[in-house]
Structures are given as structure tokens and as C-alpha cells.
Amino acid sequence: MSNLKVAIQKSGRLSEDSLRLFKECGIKFNNGAKKLKAQSSNFPIEFLFLRDDDIPGYVEDGIADIGIVGQNVHEEYQKQIEVVKHLGFSRCRLSLAVPREEKYSDISFFEGKNIATSYPNILKKFLDTKGITAEIHQISGSVEIAPGIGLAEGICDIVSSGSTLLSNGLKEVETVMKSEAVMVADSKLSDEKRVLLNQLIFRINSVLEGKN
Ligand code: PRT
Ligand code: ZN
């Protein structure tokens with residue numbers, strides 16, 4: 001029988017909860033330090049440990065059958081894959097923020113402004129629906145320092161507690177999207193793999209119901 005190949009974030013905010021979920025489903029595996037792959041000893045599943053940004057593309061290409069990513073990453077990469085389960089962990093939001101001292105009344109503030117973000121596609125879609133045209137600067141990290149160094153007048157970044165914005169002299173002004181971890185799947189899975197995926201989702205449902 002072929003294995004269901006599951007892409008999990010190698011190290012980061014999704015990793016621990018993703019691994020815990022499989023353990024709680026009774027799926028045993030040994031993920032020793034720095035391993036790129038792991039095979040379960042009691043379920044036909046193989047884990048691939050990757051950067052979260054690579055997961056949607058690997059699932060679309062069939063390198064992995066399913067994966068766990070934040071909804072923010074899923075939406076940004078716009079791959080032809082399906083969300084098969086909302087997992088309830090790694091909750092956060094993608095928000096627009098501006099320097100604390102700015103007078104902000106509504107979204108029209110951003111008309112013609114520069115906005116730094118790692119999520120240009122989601123941001124563009126959001127601004128389009130609001131009828132706002134802005135200059136979007138894509139940067140891959142440390143987005144919150146962009147206003148302070150004169151790169152942008154606002155940012156669009158992930159917020160959880162809000163303390164990163166606060167410590168960089170920024171205030172959150174609009175929520176662009178809410179996010180949580182989701183399981184995504186290749187839309188072209190074989191019948192055999194669909195059966196395995198359904199068995200897995202059945203177990204996940206029992207685990208998540210037990211938590212409510
Ligand atoms: O190395 P790799 O590319 O795999 O990881 P990564 O650094 O891109 O991602 P990682 O591990 O930081 O986050 C993975 C996912 O966790 C994200 O895509 C979100 O779906 C989710 N998540 C939940 C968060 C946060 N909370 C979060 N707080 N992702 C990032 N942050 C960052 C944010 O970018 C900002 O710098 O934390 C800071 C804000 O946190 P607060 O608490 O100060 O508001
Ligand atoms: Zn990433």
C-alpha cells in the first residue's frame with residue numbers, strides 16, 4: 001500500500017502543534033533532530049519536513065499529498081489545492097498597521113501610500129475590494145521596521161498578541177484576514193490515498209471534538 005505523504009513545517013510556529021496532532025491521532029513516528037523525512041510505524045504515513053512557504057507548491061505538484069499551513073500562506077500562494085480541515089491552532093490575523101502618531105480615520109489613508117508586506121497577493125486583493133490603489137513593497141522579513149527606516153508608510157503583517165507592533169511604535173488599523181492552521185490536500189489524490197486521508201480526518205475530528 002502506498003504511503004500518504006504529509007508535509008509539515010520543519011521548525012517554526014506550526015511545527016509543534018502539527019506533530020502533536022498526529023501523535024494525538026495515535027500515529028507513531030520518530031522525528032529525530034534534523035531529519036527531513038520520517039515514516040510512521042503504525043499508519044501508512046510518511047512525513048516530509050519543509051519550510052511552510054514551500055508546502056502549498058509541493059502539495060500542488062504531488063510531491064506531498066497533504067500538508068499543514070497557515071491560511072495566510074495558503075491564500076498568498078494561490079495554488080490549486082483544497083483545504084480539507086481547519087485545525088484551530090496557530091491562530092493569528094493579517095493586519096494593516098501605521099506609525100502610532102499617524103492620524104488614521106479609515107482605509108482611504110492608504111490611497112497612494114507605500115505598504116510593506118510579505119503578503120502582496122492577499123493585500124492587493126483586499127485593497128482592490130476597498131477601491132484603494134497603493135504601492136505594495138514585498139519584503140520577506142522584519143516587515144515591522146519598514147516605516148521606521150523610511151521604506152513604507154504602513155505595513156501589512158501577521159499579528160498575534162500585538163506586542164511586536166507596539167514595540168516598533170505601530171498601531172493596528174485594519175484586519176485583512178483571520179488565520180489558523182489548515183490541512184491542505186492535492187486535489188488529484190488517488191482513490192487509495194483519499195481513503196487514507198478520510199481515515200486521518202476521522203481521527204482528527206475525534207481529537208478536536210475531545211478538546212471542545
Ligand atoms: O521557516 P519557515 O518559512 O517555515 O517559517 P516562517 O518564519 O515563515 O513562519 P512562522 O513559523 O513564524 O509562522 C508560521 C505560521 O504561524 C504563520 O504563517 C501564521 O499562520 C502562524 N502565526 C501565528 C504567526 C504568528 N502567530 C505570529 N505571531 N506567524 C508569525 N507571527 C509573527 C509576525 O510575523 C510578527 O513578526 O510574530 C510577530 C507578531 O507577533 P505578536 O504576538 O508580537 O503580535
Ligand atoms: Zn515561511
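Student: Which residues is V59 in contact with, leaving aside its neighbours within four places in sequence?

Tutor: In this predicted model, V59 is in contact with A7, A64, I66, G67, K79, I81, V184, A185 and D186, once neighbours within four places in sequence are set aside.

Student: And which residues have the most contacts inside the largest nonpolar core?

Tutor: They are L4, V6, A7, V59, I66, V184 and A185, in a core of 24 residues.

Student: Which elements give two or more residues to this core?

Tutor: Those elements are β1, β3 (45-50), α2 (55-61), β4, β11 and α6. The largest share, five residues, comes from β11.

Student: What does the second, separate core include?

Tutor: That core has 19 residues, among them V98, Y119, L127 and A134.

Student: Turning to α6, which of its residues are buried?

Tutor: K193, L196, L197 and L200 are buried in α6. They lie on the same side of the helix because they cover an arc of only 95° around its axis.

Student: What do the buried residues of α6 pack against?

Tutor: They pack against four strands: β1 (4-9), β4 (66-70), β5 (81-86) and β11 (181-186).

Student: Which exposed residues does the face turned away from the buried side carry?

Tutor: That face of α6 carries D191, N198, F202, N205, S206, E209 and G210.

Student: How far apart are the end C-alpha atoms of α6?

Tutor: They are 30 Å apart. Helix α6 comprises 21 residues (191-211), so at 1.5 Å a residue it should span 30 Å, and the two values agree.

Terms used:
Residues numbered from 1 in each chain as written. Chains lettered and ligands numbered in written order. Predicted model: local features only at pLDDT ≥ 70, side-chain atom pairs only at ≥ 80, totals over all residues. Expected span 1.5 Å × (residues − 1). Buried ≥ 20, exposed ≤ 12 C-beta atoms within 10 Å, placed from the backbone. Arc of directions from axis to C-beta. Contact = placed C-beta atoms within 7 Å. Core = buried A, V, L, I, M, F, W, Y, C linked by C-beta atoms within 7 Å.
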